[in-house]
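Trainee: I am new to this one. Could we go through the terms together?

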Amino acid sequence: MNDSRSITNMNNNLKFIRTDAEDPNFNFLVTQLDADLRVRNGDFHTFHGQFNKLKNIKQVIVVFVDDVPVGCGAIKEFTSDTIEIKRMYVIPGKQGMGIATSILKELEKWSLELGYSSFILQTGVNQPEAIGLYHKNNYKIIPNFGQYKGDDNSVCFEKKV
């Protein structure tokens with residue numbers, strides 16, 4: 001893990017940590033995310049998994065409740081002014097409490113600090129909660145980008161500042 005790990009916000013017993021993809025708490029949460037996606041997406045998880053490698057992810061947020069990691073998200077440069085939001089997850093039992101929206105807002109804030117003005121992301125058609133989250137936060141459906149072009153199991157979103 002790099003030395004840039006820092007607390008960015010504390011509210012409603014939530015503690016947000018800025019870290020990187022080597023963070024063991026992030027890796028623990030991503031393992032749970034991948035297990036959930038394997039159930040939801042079956043064989044398509046293998047296809048999408050190739051695009052979710054962690055080695056090029058340098059900005060990660062892990063959120064804690066009472067020192068227990070309960071959610072995460074990451075950002076990765078897509079173009080010089082666009083950031084891709086990746087690996088969004090909140091553990092069962094903590095979903096529906098606004099934690100995902102808080103993570104998304106923290107990722108947007110960090111992206112703006114880094115000089116980006118546009119956010120894109122991909123989620124799956126079998127993730128209605130995620131689709132609802134992005135609609136609620138003013139993301140608009142766009143044609144599938146990059147490796148997701150022609151993939152009927154993907155839904156891509158964009159938000160510009």
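Trainee: What makes strand 2 and strand 3 a pair?

Mentor: Two strands pair if DSSP finds at least two bridges between them. Six bridges join strand 2 to strand 3 (residues 59-65), and the two run antiparallel. Therefore they pair. Strands here are DSSP runs of E with at least two residues; helices are runs of H or I with at least four, and both are numbered from the N terminus.

Trainee: How far can I trust the numbers?

Mentor: This is a predicted model, where local features need pLDDT of at least 70, side-chain atom pairs count only at pLDDT 80 or more, and totals for chains, interfaces and linings use all residues. Residues are numbered from 1 along each chain as its sequence is written, and side-chain values use heavy atoms, with hydrogens and water left out.

Trainee: Why is Asn 137 called buried?

Mentor: Its relative accessibility is 4%. Buried means under 20% relative accessible area, exposed over 50%, partly exposed in between (1.4 Å probe, protein chains only). So Asn 137 counts as buried. Asn 137 sits in the loop between helix 4 and strand 7 (140-142). In strand 2 (residues 14-19), five of six residues are buried.

Trainee: What does Asn 137 touch?

Mentor: Thr 101, Leu 104, Lys 105 and Lys 159, leaving aside residues up to four places away in sequence. Contact means heavy atoms within 4.5 Å.
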